[in-house]
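Got the model open and ready to turn? Let's walk through it together, one piece at a time.

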Amino acid sequence: MQVTVKANFNKQTKDSKKELIQFYVKGEDEKKQELSQMTREVVELQIEGVEEKLTCEFSKTTKDGKKTTLEFIVKGDTSAEQSFNFYKKAGSDVTLNIVESQMSIDEFNDAHEGIEYKVDKDGTAKVADGQLTLDEYQEEDEETEPENVH
């Protein structure tokens, strides 16, 4: 399922837990049945004229007398490069294409793998034995760099 609407890219906010984007829809597009059917689903968002797509949870739809507000939670592993051109459109009117994703909501919410660590009282982080240190990484990187040839 997919739907295309004219919308105002109202805002993008990010905190330590999630990234939220919000669009305002007015006029006939507010009445599109697909908007309510896709709420609480994982979707791909694309703005006309922007190559990148964002994978999001279609969090909620709210209506008042003037507009319909669409809120999306962006998938945590979206790269900054991937989202930069998308967010340049914030504050402007856009043509928004919302396509239902093949990803389930459970897959979307799965935490990604990371490095386990503990933070000491002095604020330093301790990782498990066997992890590569930054110094070791830099040494390894220097060893693999090709020599300059003139």
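Predicted model: local features only at pLDDT ≥ 70, side-chain atom pairs only at ≥ 80, totals over all residues.

Lys14 counts as exposed, because its relative accessibility is 63%; here, buried means under 20% relative accessible area, exposed means over 50%, and partly exposed is anything in between, using a 1.4 Å probe and protein chains only. Glu19, on the other hand, counts as buried, because its relative accessibility is 10%. The side chains of these residues, Glu19 and Lys14, meet in a salt bridge, with 3.9 Å from N to O.

Residues are numbered from 1 along each chain as its sequence is written, and side-chain values use heavy atoms, with hydrogens and water left out.

Now look at the backbone around that pair. Lys14 has Glu19, in S2, as its bridge partner. Strand S1 covers residues 2–14 and strand S2 covers residues 19–25; the two run antiparallel, joined by 7 bridges. Strands here are DSSP runs (E, at least two residues; helices would be H or I, at least four), numbered from the N terminus, and two of them pair if DSSP finds at least two bridges between them. What holds paired strands together? Strands of a sheet pair through backbone hydrogen bonds, either parallel or antiparallel.

Is S2 enclosed or open? S2 is largely enclosed by the rest of the structure, because 6 of its 7 residues are buried. S2 also has a link to strand S5 (residues 68–74): 7 bridges join them, and they run antiparallel. One spot to check is Tyr24, whose bridge partner in S5 is Thr69.

Next, hop over to S3 and S4. Strand S3 (residues 42–47) and strand S4 (residues 53–63) run antiparallel and are joined by 5 bridges; Val42, for instance, has Glu57 in S4 as its bridge partner. S3 and S4 form a hairpin with 5 residues between them, and Gly49 in the turn has a positive phi of about 90 degrees. S3 is also joined to strand S6 (residues 93–100) by 5 bridges, again running antiparallel. There, Glu44 has Val99 in S6 as its bridge partner.

How many salt bridges does the rule give? The count comes to 6. One of them links Lys31 with Glu28, whose closest N and O atoms are 3.4 Å apart. Lys31 is exposed because its relative accessible area is 61%, and Glu28 is exposed because its own value is 59%. In another, the side chains of Lys67 and Asp64 meet at 3.1 Å, N to O. Lys67 is buried because its relative accessible area is 17%, while Asp64 is partly exposed because its relative accessible area is 42%.

Note on methods
Salt bridge = Lys/Arg side-chain N within 4 Å of Asp/Glu carboxyl O.
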